[in-house]
Amino acid sequence: MRSPFRFFSVVVGIVFVIWLIAQWSDAPDADPASQPERGSVSAEQSPSATGSPAPVPDPIPLATKFVAAWARPDLTTEEWWAGINAARPDESLAQALGTTDPANIDATKVVGTPKVLDQTDGEARVEVTTDGPKVIVYLTLVDNVWYVANILPGG
């Protein structure tokens, strides 16, 4: 996967597969009474003492931390993975990045101010500018904690 075209093709393919899996996982496959309703508050997200839900944390710090860890072509694969894992990728993204050679990444640092492009109750899309391509970071909110679901370099 030495060419940027192949890299972007693989990333786009992975995004499509993740989208398909998300669509399938939304289908009811068990007793509806045993599944929580979408948007319902779980025990871990219980409302505070005032009765209002906990405020949603800002997704920008995690998106920035992830891109800063990703944009390190100077590191060994093991060092690179330590930084990536510290920035909370979800399992599917970790698997997708499994064959990435950090030396092939066309960025070395985050520059500029990241900005939220879209944000809902459970998802966010953040644009992070690097000294190479801009990177779009897709995040999901689970139990009021952001996780990096996907990245799209050159986005």
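Which residues does Leu62 touch, not counting residues up to four places away in sequence? In this predicted model, Leu62 touches Ala87, Arg88, Leu139, Trp146, Tyr147 and Val148, where a contact means heavy atoms within 4.5 Å. Leu62 lies in helix α2, and because its relative accessibility is 7% this residue counts as buried (buried means under 20% relative accessible area, exposed over 50% and partly exposed in between, with a 1.4 Å probe and protein chains only). Between Leu62 and Ala86, which are 24 residues apart in sequence, the C-alpha to C-alpha distance is 9.9 Å.

Residues are numbered from 1 along each chain as its sequence is written, and side-chain values use heavy atoms, with hydrogens and water left out. As the model is predicted, local features need pLDDT of at least 70 and side-chain atom pairs count only at pLDDT 80 or more, whereas totals for chains, interfaces and linings use all residues. The average pLDDT of the protein chain (the predictor's confidence in each residue, from 0 to 100) is 81, and 72% of the residues score at least 70. Over residues 27-48 pLDDT stays under 50, and for this stretch the model has 12 contacts beyond four places in sequence. Where pLDDT is low, the predicted coordinates should not be read in detail.

The protein chain holds 4 helices and 4 strands, arranged from the N terminus on as α-α-α-α-β-β-β-β; helices (H or I, at least four residues) and strands (E, at least two) are DSSP runs, numbered from the N terminus. Of its 155 residues, 26% count as buried.

Helix α3, spanning residues 77-86, has Trp80, Trp81 and Ile84 buried. Viewed down the axis of α3, the buried residues fall within an arc of 100 degrees, so they line one face of the helix, the arc being that of the directions from the helix axis to the C-beta atoms. These buried residues pack against α2 (60-70) and α4 (91-96), while the face of α3 turned away from its buried side carries the exposed residues Glu78 and Ala82. After α3 comes Arg88, with a positive phi near 55 degrees.

The axes of α2 and α3 come within 8 Å and cross at roughly 175 degrees (axes are lines fitted to C-alpha atoms, for helices over the stretch in contact, and angles run from 0 to 180 degrees between N-to-C directions). That crossing makes α2 roughly antiparallel to α3, a term that applies to angles over 145 degrees. Lys65, Phe66, Ala69 and Trp70 of α2 make the contact with Trp80, Gly83, Ile84 and Ala86 of α3.

Methods:
Parallel < 35°, antiparallel > 145°, perpendicular 65-115°, else oblique.
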